[in-house]
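Please go through the structure below with its contacts, core and pockets in mind.

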Amino acid sequence: MTIKIYNTFTRKKEAFEPLAPGYVRMYVCGITAYDRCHIGHARSAVVFDAVLRHLRHRGFEVNFIRNFTDIDDKIINRAIEEGISSDALAEREIKHFYQDTDALGVLRATKEPRATKHIQEIIELIETLIDKGHAYTSGGDVYFSIRSFPGYGALSRRNVAEMRAGARIAVGEQKKDPMDFALWKAAKSGEPKWDSPWGPGRPGWHIECSAMSMKYLGPTLDIHGGGLDLIFPHHENERAQSEAATGKTFVRFWMHNGFVTIRSEKMSKSLGNFVTIQEILGKYHPEALRLFLLSKHYRSPLDYSPEALIETTSALDRCYTALSEARHLSEKPIKKQRPITDEAGKTINTLNHLKDRFDQAMDDDFNTAQALGHLFDGVRALNRLGQEAEKRPSALYIEPLKFGAEAIQDAARVLGLLNQDPDAYLRKRNLEALGLLGMTESEILKVIKERTRAREEKDWDSADRIRDELGAKGITLQDGPEGTTWTMKPGP
């Protein structure tokens, strides 16, 4: 087993081995807690949840840290607008984050530290940078001097001279260089503040991640993740201040997920295309959104539209339908020992190799798109096997059907999918779809009873008419030894 990860720093895939054998130190930048999370936040959370799950699936112990920024200009300004404290706003939005990500099946991190709970660690790190000549004080503020760190710009591949030419010093800032960034900000009237050696104030954004990650993971991280938009300036600044303080490599593998667009446009409140997780989950099953977020390679852009969610909902329905049908076929009391067909043998072979193909795809830079392709191949194979088992009933199909369903679910769970009981999922989906037609379950059962009576009286025309009317609404009837059951066609 060799896992390869695309390292943003080197711009190439590299074989992954953690610093300590079998033990992974992983840090992912969390949210700034001032508003409801949007689909871009969902992508980052789900992508790195899949990374975490696969690393654990491959036998690694993962110490996973995801932070919360709970003090920031955006938080302060929003709190003032709402007439509440910054603490109250951050607490509310962190609670909303958990509601959204728990619904999406995102696992909790090992620790989830908040910036305001680590002021002392932040102050100590700033003091170290000052002592080593990498930071300086200026009117109650503290700035990192990028001239003191020769490797600045290496992560983002930016030319410092060109960046400096376009940079400007804002009113009130007293920097030595326009590219220098704040480690500590002097308190302004009415803002939250903490005591420090440089006077009352609050930490800058970048320093908090360095202080918290190194507190819980040490000076060198195996993996540091986040969205593509964080490469510069956030991760560039994190790297500079951390390595300047310790003299050691801060991150061995930098990982960044691609942007989410809305109908090919950048998501923006001003354009009216800003979509929150809460809004999407009000219309679609959480696993449908999760499946959509994993449908492309994590480094690729991902375009959101309602049509895309309808498509992944249909795909999810098909997966659960295949699992449900395989379960019921394998539970039938069949005594015949007919040999399975050659075609069924090939299908079983596909299912036997599903796990290996799935793992290989995930080992190759967590290629969820390819892994899902193998998963759907398995679902189609399970359907073919079920069809063969129905045409030529044989007890020899029972174990392959059970194994195939288990192989699909085991693979899917590495991606946080197919965690529901198939029958319970399909029943809920059927009732939801029925409700959209303005019908209740008791009403459809009454119609089925009428059809059963017509069949008993050999009134085939009436029975067929009832079946066709229901079929036109997307309701499929299935006649069996124990009576007639109904399902909705897989779809949104």
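Tyr-304 is in contact (heavy atoms within 4.5 Å) with Ile-39, Val-260, Thr-261, Ile-262, Arg-263, Val-275, Ile-280, Tyr-284, Phe-292 and Leu-309, leaving aside its neighbours within four places in sequence. This is a predicted model, in which local features need pLDDT of at least 70 and side-chain atom pairs count only at pLDDT 80 or more, while totals for chains, interfaces and linings use all residues. Residues are numbered from 1 along each chain as its sequence is written, and side-chain values use heavy atoms, without hydrogens and water.

**Cores**
- A nonpolar core is a set of buried (under 20% relative accessible area, 1.4 Å probe, protein chains only) Ala, Val, Leu, Ile, Met, Phe, Trp, Tyr and Cys residues joined through side-chain atoms within 4.5 Å.
- The largest nonpolar core has 89 residues, and Met-26, Ile-39, Leu-55 and Tyr-304 touch the most other members.
- Apart from it lies another core of 42 residues, among them Leu-183, Ile-207, Ala-244 and Ala-245.

**Helix H1**
- Helices are DSSP runs (H or I, at least four residues), numbered from the N terminus.
- H1 covers residues 39-57, and 15 of its 19 residues are buried.
- Just after H1, Gly-59 has a positive phi of about 100 degrees.

**Pocket linings**
- A pocket is an open set of points on a 1 Å grid over the protein atoms alone, where a 1.4 Å probe fits, with protein on both sides within 12 Å along at least five of seven lines; lining residues have an atom within 4 Å of a point.
- The lining of the largest pocket has 45 residues, and helix H10 gives the most, with 11.
- To the lining of the second largest pocket, H1 gives the most, with 6 residues.

Note on methods
Helices (H or I, at least four residues) and strands (E, at least two) are DSSP runs, numbered from the N terminus. The expected span of a helix is 1.5 Å times one less than its number of residues. Buried means under 20% relative accessible area, exposed over 50%, partly exposed in between (1.4 Å probe, protein chains only).
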